[in-house]
Amino acid sequence: MRDGDRSGLAMLRHLSAWIGVRRDGGQTRVSMVDGLAMDSNWNTTSTGTERASAAVSGGRIWLRVNADVRPGAGRQAGRQAGRQGSPTAPTGSPSPRSGRRTR
């Protein structure tokens, strides 16, 4: 990866979030960003806030997203990241399906 690159998984809606690998300033880390928002015309109104990150080097990073995408209120989405082919503990705690997790 080169500085400025991002690779990961996203849950998209009017409120969105993503988990993935990012490279900035020569440093590579896995990062969870939430609070990305769009208005009723789907224009970006917020690029979100990084809620959690950890430095990584080499090898593979495994990402997982699970979501209840059925219509209705109260649906949730979750994200996990890990090494060696097995995602570890979820990042943050679930929130209603807005495509984001909170701490």
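Before we click on anything: contact, or touching, means heavy atoms within 4.5 Å. This is a predicted model, where local features need pLDDT of at least 70, side-chain atom pairs count only at pLDDT 80 or more, and totals for chains, interfaces and linings use all residues. Residues are numbered from 1 along each chain as its sequence is written, and side-chain values use heavy atoms, with hydrogens and water left out.

Start by selecting T28, which sits in strand β3. Strands here are DSSP runs of E with at least two residues, numbered from the N terminus. Leaving aside residues up to four places away in sequence, T28 touches V21, R22, R23, A55 and V56. Now show side chains for T28 and R23: a polar contact of 2.6 Å links them. (That term covers a pair of N or O atoms within 3.5 Å; within protein, one must be able to donate a hydrogen and the other to accept it, and residues adjacent in sequence count only if both atoms are side-chain atoms.) Is T28 buried or exposed? T28 counts as buried because its relative accessibility is 18%; the cut-offs are under 20% relative accessible area for buried, over 50% for exposed and partly exposed in between, using a 1.4 Å probe and protein chains only.

Next, select residues 15-24 and 27-38, which are β2 and β3: they run antiparallel and are joined by ten bridges. Two strands count as paired if DSSP finds at least two bridges between them. Look for R22, with R29 of β3 opposite. Then zoom in on the turn of this hairpin, where two residues lie between the strands and G25 has a positive phi of about 55°.

Why does A37 count as buried? Because its relative accessibility is 14%. With residues up to four places away in sequence left out, the neighbours that A37 touches are H14, L15, N43, T44, T45 and S46. Finally, draw a distance from A37 to R13: their C-alpha atoms are 8.1 Å apart, with the two residues 24 apart along the chain.

Definitions and conventions
Helix = DSSP H or I, 4+ residues; strand = E, 2+ residues; numbered from the N terminus.
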